Structures are given as structure tokens and as C-alpha cells.
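Q: I would like to learn how to read features from a model. Can we go through one together?

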Amino acid sequence: MEASMLILIIMVLAAVSSLQFYKGRKLNLMLMQHYLRSIENIVKPKDKDYVWLGGYVGFRAHYKLDDPDILKFEYTLTLLPRHSILYFPVSLLINRHDKLYIVVRPTFEIEREVHFLQKGYFRMRPGIDREIELLKGEEEVNGVKFETLFDNYEDIKEVKGFIEGFSNVENVKHVAIVPKTNVIYVFMKPEPDTIEKDVRNIVRFVRSFPKGMKG
């Protein structure tokens, strides 16, 4: 009787796992397709390159643009493993949500460095090369607190206004403007309904980049 019950439990778990795999895989593929099309609709790349991250957890995209202000637009999308009934709960605890890492390489040179890091979000703080040299502070944007690191306090207002332009400031985890690598970086939680608005906000910021921050 115990052996029969064990076999039944294993069969039920196998059936549920199989159902979750196909359901989760379909959802992740739909999300990837949606984010890809939404972002391309905004940036309109002239050249594209993709790197599959394996399984159904995301991809990297590298776009070259025919734009006077943006040379390249790159991003990495990582999704929760919705297709894995066993690992999905663990991933919810560790990774918490889907993640989008955007790197914009402008055609102009960036002169000053700024970082906004959402307070209380990071379990392990991102490495910042010039952290010891940068001034430090704290800002609140739409009720969300950020730790700031910067060269010039005048730049804080500009970046704060940029973050206010996102559909949900809570979704913005780290914004960095880095002269050393000449990139504008945004790490955020993406949402299907607002991805186009948020990417437009990033593109708009680069195209109207503050004069005092660029060469």
C-alpha cells in the first residue's frame, strides 16, 4: 500500500512538472518575444546580434543604431525559470523578479560619473571602480530612496529627473553614467505593459543628455 501510494505521488508530481514545463516555457518565450519587439520598435536598430542564454531564461541583444546620439544599444534580459516547478520557488527567493540590464553607448563622450542605487535592494553591492573617489549622498525619487555617488552634485538633479520618467520608480534598481567605459547603464525590473514607455524614457534622456556631463 505504501509503495503504491509513493508511485502515485511520483506520477502526480511528474504530471504537474510536465504541465508546468510547457506552460512556463510558453510564457517565457512570449515574454522574450514581447520585450524584443517592443524595444526594437523604439530604438529601430540597423544591425542586430543576439546571444541565447540557454534554456528559456533570456538572451542578450546588441544593436547598432543609425542615430546621431546613440552608437549602440545593448541589453540582457533574464527571466525567472517559470518552466521549472522545482527551481522556480528558489529563484523567486534568490532573484526575486525578471531583470533587464540596458547599456547605451553614446556617440559623445561622458565627462562625469553618477550612480543611483536603490537602497535596501542589493544583497551584494555592485562593484564601482571609482567609489572611493566619488562624493556620496542620498536622494528620494517618488518615495523610493537611492544611494547616490557622483562627481558633481549638479548632475544629481538631471539623473533624478530621468528616473522620475520611468513608469514605476520602484522598478529602477541601478542607474549609472560612467566616463571610463562611456556608457549609460540601467538595471531594472521590466514589465510587459510599460516596457516601451521606459525604453523611450532612456532614449529621450540620451538624446537630451545634459551638456555639463558630456564633452
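Q: In what order do the elements of the protein run from the N terminus on?

A: Helices (H or I, at least four residues) and strands (E, at least two) are DSSP runs, numbered from the N terminus. Here the order is α-β-β-β-α-β-β-β-β-α-β-β-α, with four helices and nine strands. This is a predicted model, in which local features need pLDDT of at least 70 and side-chain atom pairs pLDDT 80 or more, while totals for chains, interfaces and linings use all residues. Residues are numbered from 1 along each chain as its sequence is written, and side-chain values use heavy atoms, leaving out hydrogens and water.

Q: Which residues of helix 3 are buried, and which are exposed on the other side?

A: Buried means under 20% relative accessible area, exposed over 50%, partly exposed in between (1.4 Å probe, protein chains only). An α-helix has 3.6 residues a turn, so residues three or four places apart point the same way. In helix 3 (residues 154-164), Asp155, Ile156, Val159, Phe162 and Ile163 are buried. They lie on the same side of helix 3 because they cover an arc of only 125° around the axis, taken from the directions from the helix axis to the C-beta atoms. Glu154 and Lys157, on the other side, are exposed.

Q: Which side chain makes a polar contact with the side chain of Asp155?

A: A polar contact is a pair of N or O atoms within 3.5 Å; within protein, one must be able to donate a hydrogen and the other to accept it, and residues adjacent in sequence count only if both atoms are side-chain atoms. For Asp155 the partner is the side chain of Arg112, at 2.7 Å. Arg112 sits in the loop between strand 4 (99-106) and strand 5 (114-118). A polar atom of its side chain also lies 2.8 Å from the backbone oxygen of Gly212.
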